[in-house]
Amino acid sequence: MVKRSLNLDNAVPVKRRKQSQASQGTDHHGPQAAGIIRKIELRNFMNHASLSFDFQPRVNFVTGRNGTGKSALLTGLMVGLGGKASATSRGNQLAGFVQYGKNVSDTKVTLGNTGPDAYHPEVYGESIVVERKLMAKSGSGDYKIKTESGQLVSSKKADLTRILDHFNIQVENPVAILNQETSKNFLLSKNPSDVYKFFIKATKLEQMQHGYTNANKEFLASMDTLKSKESILPALELEVKQAKERAAALESLDRLRTKLESKQCELAWAVVQQKENEYTFMQEKVSKLQASRPKYQNEVAKSLKKIEEAEGVKRDVEKRIKLMAGDTDTLAPKKAELKKEQQAKKLMTRTHAEAVRHIQMEIARQTNDQKQMQDRINILQASSQDDKSAQIKERDLKLKKLEAKLLEMNGKCATIRKDLQDANQALAGLRSEKNEQVSSVNECDNLKKRHQAKIGQLETLKSNKSLKFGRSVPALVEAIDRLHRAGRFTKKPLGPIGAHITIKDMKYALGAERALGSVMTSFYVNHKSDAKLLNQIKREVCGNERPPDVLIGKFTEKRYEGITETKAKTHHPTLMDLLNIDSNCVFNCLIDQVAIHRVVMVLDGKEARNLMFQRQPKNSLVCFDGSGDEIRAKPDRVFANPNKRPNYMSANVEEDIREETKQLKEVGQTLRKAQTELDRITLQIQANHEKSLRLKTSLGSLERQQRKIEAEQEMVRSQVIEEEEPEDVQALTSDVQNTEKELAQLRENLNNAKEKYNSNKGEEARVSKQLAEISSRIEKMNSSIDPLKTELSAAEDMIDQAKSDSIYYKDKLKKFDEKIKTEETALSNYLKDQVEKDMEIASQMSQRVKTRKSPESLQAEIKKMKGQISKEEELRGDADEIRAQLNTVNAKYANAKKQLAQCLIYRDEMKKALKLRRTNMHRITISHAESIKMYFVRYLHQRNYDGKLQFDFDEQKLEIKVYPPSGSTSRESDNKDLRGLSGGEKSFSTLCFIMSLWDSVASPIRCMDEFDVFMDMVNRRISIKMLIEFAKTNPSNQFILLTPQDTSQIEPNDFVHIYRMPDPKRGGGDQGDS
């Protein structure tokens, strides 16, 4: 064997040396397509010890004599790109390609990787290098896929296959790489079946047929599997039936356990739901509290503003009063001083008067004693038993005088007593009037407080309208909401009823409210159990307050029908016509409880009475007028309404507040007037009391004088009765003289006392006059200041009210903030400690379960079910073993059924796929056949040949019919197939057939070995021209054409390159080349 070592890296096309030198330094590759063969390197491969060969991107002719290793170059390309040994037609084992005497053979193929179709250029660069090592002993071949810089990327055949598929390089396709043996076999073949096989192999239809055949085999195998699986189903069904029969006894227990688990999950989620409802309620409560806070802030601001405004008014009024009361302030000290002086003078006057009276009484007594003594002396001096009668006469005269004087005194006392009685009666009247005025003042004050409280209630009603139905109603509604969320009611109670009602015309509000009565504050429930629970709540919430009534009735979604037939027949509106009712259940309740469709409403009372008393409207029960009076017929009766304003059907809370504020002002003015009148009456009572005291004093003095006269009368009478005894006249005379001296002294003292009394009385009169003048002046000034004082009092009342409101709302706001903070803390703690904790426990048990039952009822159900399960377990056997057997058999049966169903689906899909694949394969085959027919005729016409391709797809035959041009021997003998053609004609026809197949193969390379064998010069020249023209029309393809013939007639250029293999050295064996 001759060993060759060739290096054609710097080989140039066969040209004249000058032309070759001129082309050096230029890029003669031109535009390159991805996947072309840039270079091949062989070491110890067949007869090449070392070969390096560069290919150009367009047409490459490789020429050389037989034995130079041309075919080995093409074989190395196929093996280097992963082709099997059998595909090269040069052997059946890769070890046969290792050069004799060598252990290892290497192939290295460099593929172009530029342009838009490049394969991962960011990894490989502009070239992909494929290296394959062949071992002589094992015949195995290892791959290395490298970048253009020599960096290893992969050593897997699969990666090489992906690269070749990306470039569409078909190594074992004879149309892409036509080796020498395949070409010769095709030329020598006379069998149309072989030609057809070549056709389907070249167009890769053979692979499609193999795929279809394999798929059909799989389909038939799946049919056998399907029959096998169908055969085992009856036995499995029997096993399942038997297992179910054994487990049937456990079904009730399983259902109980399943139901128990379900109930336990439901209980866990019921607890969560209850906690969530409570949390939502707490959230709403906090939100409502937060929403109400600005109201209190506004009220505080409003009260502070009112204080500021009222204080401004007060300062203005005080300033005006101060300006007008300047003289009053000046006179007031003088008045007080005069008043004090007057009181002192009066006291002094009374003292002097008492002294005068005392002296006068003493003088009268002394004078009387002196007179009696003198009379006694006279009597003694002139007495005798004979003139006793004269003394009696004198005594009687004296008694008459005393009686006349006593009578006069009695008259004066009677007059004074009458005056005192009148004064006491006037005083009693004034005191009674004062009591009435005090009651009036207290009543006004209480009314004022009630109005203030009412305003406070109305302010509260802004945020909680249910408060007007009772202080405990908001708490009751809140408790109902909480228990409803917990699922304690069959349906949520409605109430208070009045909260669901509004009046269309406020003129009828009093009558409508009177007609509805206690129903306004009542609650409406769906069932007796709801009523029982609600009554229990009432007792806890309402305490001592009168609780609202509870009405029971079935809740319905629709209103009663047929109401219009039983409605009162009148042109006046009924109560039903005047009410807006937001709930059908409440509407039905009012029909049942009040018969609102039969209650007639008439604004005018007289017209209402005439309507009911004279001719009662049909279907009517009762009539209410605008003032709320109830009018009934048969018997005709009228029940007056004690209320003047509606309590529940207020049109507007703000309007009510304004009305209450207006009335509060009116009550304040009335209260001030009543207080002024009370002060006036108090002054009159004081004056009358002083007058009464004076009269009592005068009466006492007169009564004392009466008693003195009466005593004197008794003494005179006693003188007549007494038995006179002789007395000492001289002693009596001495006593008279002494008494006269004392009387003289007393008279002097009396004159002095009278002078002092008169003097002091004059001073008192003067002071009283001055005081009266100053008081008159002050009273005149005060009368002009009184209106301002009224304004000042009103301003002070406003300030007091505003300050009270400010303190009230500030305290309310403070408590409100504390309440919000407490509620928010409780809300946060409740979410963390209750809701989230219980939700975590429930989530571990199951997904969320919706329930309307309470946790208590579920706990009772669970307890009952556990008892049932215990009893069932005592009666049953080993349930786990029976259940395990049933599960195993069921699983086997279900799995077999599932597999059978999948097999049936697979069968149907396979049928469809095989049918579609057969149809598509037939369509593609015909498409390729028609295309090849067209190109084959076109290429024959290049030589003026006629011909055709006859396909028999059923018999899988392909006959090539060629008609040489007229005048040829073949034409004259009328041969139509290749067997009748000459060698050159046969080679040309084969080339036309191969080229027509090229149009059906999208490989970037076209390789042919000894394509021009047996051709004469004419056919060879035309064939080469055809190949070059074909290459020009397919710029993305690379052509590598191997020929042993002379190529001197081919003109090399940038498009066409010719490489010549060196002649072989004879004298040694040659491996694998001809």
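**View 1. Where helices α23 and α24 meet in this predicted model.** Gly 984, Glu 985, Phe 988, Leu 991, Cys 992, Met 995 and Trp 998 of α23 touch residues of α24. On the α24 side, the partners are Asn 1019, Ile 1022, Ser 1023, Met 1026, Leu 1027 and Phe 1030. By class, this contact holds nine nonpolar, three polar and one charged residues. Helix α23 covers residues 983-998, and helix α24 covers residues 1017-1033. Their axes lie 10 Å apart, and the packing angle is about 10°. Angles under 35 degrees count as roughly parallel. The two helices are therefore roughly parallel to each other. The whole structure shown here is a predicted model.

**View 2. The second largest pocket.** This pocket has a volume of about 1500 Å³. Its lining is made of 40 residues. Ala 353, Arg 357, Thr 697, Ser 698 and Ser 701 are the ones nearest the pocket centre. Helix α18 gives the most, with 18 residues. Sorted by class, the lining has 14 nonpolar, 10 polar and 16 charged residues. How can such empty space be found in a model? A probe the size of a water molecule is rolled over the atoms, and this shows where empty space is left.

**View 3. Ala 353, a residue of the pocket lining.** Ala 353 sits in helix α9. Ala 353 is also among the lining residues nearest the centre of the second largest pocket. Its relative accessibility is 28%, so Ala 353 counts as partly exposed. Look across to Lys 761. Along the sequence, Ala 353 and Lys 761 are 408 residues apart. In space, their C-alpha atoms are 9.5 Å apart.

View 4. Arg 672 belongs to helix α18, which runs over residues 653-721. Is Arg 672 buried or exposed? Its relative accessible area is 16%, and buried means under 20%, so Arg 672 is buried. Leaving aside residues up to four places away in sequence, Arg 672 touches Thr 790, Ser 793, Ala 794 and Asp 797.

**View 5. Ser 870 and Leu 253.** Ser 870 is part of helix α20, residues 855-875. With 40% relative accessibility, Ser 870 counts as partly exposed. Ser 870 and Leu 253 are 617 residues apart along the chain.

Key
Residues numbered from 1 in each chain as written. Predicted model: local features only at pLDDT ≥ 70, side-chain atom pairs only at ≥ 80, totals over all residues. Heavy atoms only, no water. Axes fitted to C-alpha atoms, helices over the stretch in contact; angles between N-to-C directions. Helix = DSSP H or I, 4+ residues; strand = E, 2+ residues; numbered from the N terminus. Parallel < 35°, antiparallel > 145°, perpendicular 65-115°, else oblique. Contact = heavy atoms within 4.5 Å. Nonpolar A, V, L, I, M, F, W, Y, C, P; charged D, E, K, R; others polar. Buried < 20%, exposed > 50% of the residue type's maximum accessible area, 1.4 Å probe, protein only. 1 Å grid on protein atoms, 1.4 Å probe; cavity = no way out; pocket = protein on both sides within 12 Å on 5 of 7 lines; lining within 4 Å. Points joined across faces, edges and corners; volume = space filled by probe spheres on them.
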